[in-house]
Each structure stands twice: as C-alpha cells, then as structure tokens.
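I am opening a notebook on this structure. The entries below record what I looked up, one topic at a time.

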Amino acid sequence: MRIDLAAPPRPATAPGLAREAEERGADRFVLAETSHNPFLQLARAADRTARIELGTGVAVALARTPMALAYEAWGLHESSGGRAAIGLGTQIKPHVVRRYGMPWDRPAARMRDYVAAVRAIWHSWQSGERLAHRGEFYRHTLMTPVFAPDPLPSGPPPILLAGVGPLMTATAGAVADGFLAHPFGSPRHLAAYVLPTVRAARATAEAEQAPWTARPFEVVANVLVATGRDEQEYAANLRLVRERLAFYASTPAYRPVLETHGWAALQDELHPLSLRGRWQEMGALIDDTVLRTFAVAAEPAEAARELRARYGELADRLCIGGPDEADPAPLLDVVAALTR
C-alpha cells in the first residue's frame, strides 16, 4: 500500500512539507483546494523535490472549464517531470454557484463529460490531432499550434475522482484512473456501500475496452489522523479532528455514512448547531466511539499500526491528513512509521 500525505495548502509551508514528506518516504504529497490554489503550491513543491508524486486532493473541477483545468494540470505535470496526479471533485452546489459563479446541474453527468473533455484536450496536445470534443455539457473544437503545449515524455497525468453518493462513485469507476474516498467514511461504509459501486463501474469500462483502462485503477483511502509528539500537541489535534468530524456529520449529504452505524440522530443534533456556527460545541458531541470509527487517534507508531490494520485490505493507497488548522508536523512521524 502506497502512503500519501495530505497537507494544508499554505504557500509559506507547502513546498518545505513536500520535501520533508519525500525524505520520510511518502509516495505522494497532496494539497486540497480550500483557501489557496493547489496547482500553484504544487508547482513550487516540484522545484523542492525529486521523487514524490504531487497531487490535488481535490481541485474543484466545476469551478473551471475543462480547458482551464487541462492547462493547469499539464503545466504541473511538465514542471514536475511527470509526477502529477490530478484529483478532482465537484464541490457542492452553493459553492459552485454562489462562490465561483459557475453552472450546476446533474453533477455526475457533467463530471463524466468534464473528464472526457479534459482527456480530449490532452490527447490533442500529445498527439497533434485535431481537437474535436462535442459533449453534452462542453464543446472544445479549437486548438491552434501557438496555444498547444509540447507533448510530454510521460504522457498525460492520471485523473482521480472523489465521490460520496452512488452516482459520483459510479462515475469515478467508469471514467477515472482512480477513486478518492472521502475522509468522512468508515472502513465498514467504504467496503459495504462505496467500493462495490466503484468496482462494478470500472469492470464495465474494462469490458468495453475504454482506452483509459489500460492504466491501472487505484483506490485511495483518505483518513483523518489525530496524533502528536507530546500530550499537549495530541490534545490540540484531537480537538480539531473532533470538530472536523462534527462539521462533516452535520452535512445532510453525508447522512448515509452515519446511517450505516445507526447514528443518524447525531446529525439531527449537529445540523442546527452548524447553522449557528457553534463549532466547538459540535466537536464535544463527537464521542470516542464516533471518533475512532471515522478517524484514527493515537501516538504515531500506534496510529500507523491501526491504519494498516483498518485499510490494508481496502485501498491501494492511504492518504493521511488532518484539519487545515492542525500542525501537520506530527503526521510526518506517522508517514515514517508507515513507510519503514
């Protein structure tokens, strides 16, 4: 199982963390798109590293046109010498429409066309063939030489899709090179309700000999980890992980995850508090049983053992991270323990 580190997308620290992650043995360094553009920070990290893969986990696809995403991803792949991995997600409707000012309708169907459009653009750049994508949502039919990047020795980067519900998880299996499991998910929910859908869709794509299925498919388990190098640091990170889990549990879209464990009533408590921004009070409602179902909380060596035991049979890659507010330094000790 490959080991990835998800870090806060902070311009001042991300490149140095990427180098440290590489030195500790991590296979991929991942930045999400929250307060900063991950492509910019990963491009800077490419100059500070030599081996580690550089991934977005995730970039908001529907905030960009396929052409805009194609250029950003191609540039990262080129500048890193072929080390990019492009993780994409839809975000939710209020952010796409009200924050980014972009259209939202039938997101799973739109994402299928989006990935097809990006691949068509990349194929045109790599092969020199005419660009001719005419999909349900996107049309890209113009590419003149001055706007086409040079072909890459490594070929285009892989595309991984994030998903929670059945439509998006099926989309990931059908059209992507990998699936990114949401951090708010237990091994039980992943095994029983998520991966069967992903794998069935992938099997159909392989049976139809879809061209992208020549590349191996990977399942990435994203896991929140609360750890620390001393009691004070551990307590601080534990509180932040509880609050992050409470935030996820308050979101109606994630109710099926709670229902898997018979905890739907927890959302009924948390959602009204979230509307009033009472985050610390929400975190206190995440008891130890809920915490240890959806996250791993332990000192670094024990956390590494628990992660392997829980996810070793479920995923091809394990991506560990914490809330953006948490200090990521102790997670490097977990990475080191996992990669020994």
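This is a predicted model: local features need pLDDT of at least 70, side-chain atom pairs count only at pLDDT 80 or more; totals for chains, interfaces and linings use all residues.

At what angle do the axes of H3 and H5 cross, and within what distance do they come? I find that the two axes come within 9 Å and cross at roughly 55°. I record the crossing of H3 past H5 as right-handed.

Next I looked up which residues make this contact. From H3, I list Pro 66, Met 67, Leu 69, Ala 70, Tyr 71, Ala 73 and Trp 74. On the H5 side they meet Tyr 114, Ala 117, Val 118, Ile 121, Trp 122, Trp 125 and Gln 126. Sorted by class, the contact of H3 with H5 holds 13 nonpolar residues, one polar and no charged.

Then I turned to H3 itself. Helix H3 runs over residues 66–79, which is 14 residues. From its first C-alpha to its last I get 20 Å, close to the 20 Å expected at 1.5 Å a residue. Which residues of H3 are buried? I have Pro 66, Met 67, Leu 69, Ala 70, Ala 73, Trp 74, Leu 76 and His 77. An α-helix has 3.6 residues a turn, so residues three or four places apart point the same way. The cover over the buried residues of H3 includes helices H2 (38–46) and H5 (107–127), along with strands S3 (53–60), S4 (84–89) and S6 (139–140). Just after H3, I see that Gly 81 takes a positive phi of about 70°.

The axes of H1 (residues 14–24) and H2 come within 8 Å and cross at roughly 50°. That angle makes H1 oblique to H2. H1 passes H2 in a right-handed crossing. Here I find Ala 14, Pro 15 and Ala 18 of H1 meeting Gln 41, Arg 44 and Ala 45 of H2. I count this contact by class as four nonpolar, one polar and one charged residues.

My last entry is on a single residue. Leaving out residues up to four places away in sequence, Leu 238 touches Ala 226, Leu 291 and Ala 297. I also looked up Ala 170, which is 68 residues from Leu 238 in sequence and 33 Å from Leu 238 in space, C-alpha to C-alpha.

How values were computed: Residues are numbered from 1 along each chain as its sequence is written. Side-chain values use heavy atoms; hydrogens and water are left out. Helices (H or I, at least four residues) and strands (E, at least two) are DSSP runs, numbered from the N terminus. The expected span of a helix is 1.5 Å times one less than its number of residues. Buried means under 20% relative accessible area, exposed over 50%, partly exposed in between (1.4 Å probe, protein chains only). Contact means heavy atoms within 4.5 Å. Axes are lines fitted to C-alpha atoms, for helices over the stretch in contact, and angles run from 0 to 180 degrees between N-to-C directions. A crossing is left-handed if the near helix is turned anticlockwise from the far one by less than a right angle, and right-handed if clockwise. Ala, Val, Leu, Ile, Met, Phe, Trp, Tyr, Cys and Pro count as nonpolar, Asp, Glu, Lys and Arg as charged, and the others, Gly among them, as polar. Angles under 35 degrees count as roughly parallel, over 145 as roughly antiparallel, 65 to 115 as roughly perpendicular and the rest as oblique.
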